Amino acid sequence: MERIGLFGGTFNPIHLGHLRSALEIKEGFDLDKMFFIPAALPPHKQSEGVENATDRLEMIRLGIAHSSDLGVSDIELKRSGPSYTIDTIHHFRSISSDDTELFFVVGSDAFLELNTWKSYKELLQLIPFIVMVRPDSECNDINIKIEHLKDFLTSKVSRDFAYIAADTCYAHPNMPSVYIQNVTPLGISSTKIRESIHSGRSIQFLVPKAVEEYIKTKGLYK
Ligand code: ATP
């Protein structure tokens, strides 16, 4: 039986926060592989300032070049129009064997906006989620974040989600579980990286060296 993680995002650009979290989730959930899935046009993010798909994909390739545990899928970039996770999960389900377990990996900030995603309830019926609890400028307290996740699930999805402490997940009688996973807090975001480049500051140690060089050579995010 194979266990595969699917990690969606804009990756504009990929950074060490993404890479480190992906690896920790892969190890923590005993996954065989974790795939980064860059979105073509982020439907709920402004597409202004998003570098073209080829560059974002190439930076992911450079970022994971030395890790066989991590992979990249260009499925959303090949589809025309905006990327919807529900279509991506249907795609992975259709190409995976029946005994392959798929997990969708997402940061807590993105998960709390899930109700703005296409067919989000169907999505939650389709695949277990792994929610990475991610610190941000507004809230560093992980327990408060977990409380927000609980409120979100019970108010927006179903009252029947219950927390199972032993598995650190919210379980439901008829739906896949939503796992909560702490990752090493790295206060890195693509926004911060773009802002640093824009204002002429260094991005060394925020992204892999090869990604830093790619951005410099191609003059991205200026
Ligand atoms: P932006 O600043 O442009 O919004 P981002 O850094 O949040 O970008 P995304 O491509 O939007 O990156 O993120 C993809 C996924 O990775 C999201 O689910 C997000 O929550 C998660 N993520 C991003 N940065 C981190 C981090 N430092 N630690 C853990 N998860 C992260």
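1. E24 counts as buried because its relative accessibility is 14% (buried means under 20% relative accessible area, exposed over 50%, partly exposed in between, with a 1.4 Å probe and protein chains only). Its salt-bridge partner is R20, and the closest N and O atoms are 2.7 Å apart (a salt bridge is a side-chain nitrogen of Lys or Arg within 4 Å of a carboxyl oxygen of Asp or Glu). R20 counts as partly exposed, at 38% relative accessibility. Both R20 and E24 lie in helix α1 (residues 16–28), 4 residues apart, about one turn of the helix. Helices (H or I, at least four residues) and strands (E, at least two) are DSSP runs, numbered from the N terminus.

2. A note on the source: this is a predicted model, in which local features need pLDDT of at least 70, side-chain atom pairs count only at pLDDT 80 or more, and totals for chains, interfaces and linings use all residues. Residues are numbered from 1 along each chain as its sequence is written, and side-chain values use heavy atoms, with hydrogens and water left out.

3. The whole structure holds 9 salt bridges. One of them joins R3 to E101, with the closest N and O atoms 3.0 Å apart. This pair links distant parts of the chain: R3 is in strand β1 (residues 3–9) and E101 in strand β4, 98 residues apart. R3 is partly exposed at 22%, and E101 is partly exposed at 29%.

4. E212 and K216 form a salt bridge whose closest N and O atoms are 3.8 Å apart. Both lie in helix α9 (residues 209–218), 4 residues apart. E212 is buried, with a relative accessible area of 7%, whereas K216 is exposed, at 61%. A network of salt bridges links K209, E212 and K216.

5. There are 12 aromatic pairs in the structure (rings of Phe, Tyr and Trp, its six-membered ring, pair if their centres lie within 6.5 Å; planes under 30 degrees apart count as stacked, over 60 as edge-to-face and the rest as tilted). F104 and W117 make an edge-to-face pair, 6.1 Å centre to centre, with 85 degrees between the planes. F104 is in strand β4 and W117 in the loop between α5 (108–111) and α6 (120–126). F104 is buried at 4%, and W117 is buried at 12%. Ring pairs link F104, F111, W117, F129 and F152 into a cluster.

6. K78 is in helix α3 (residues 75–78). K78 counts as exposed because its relative accessible area is 66%.
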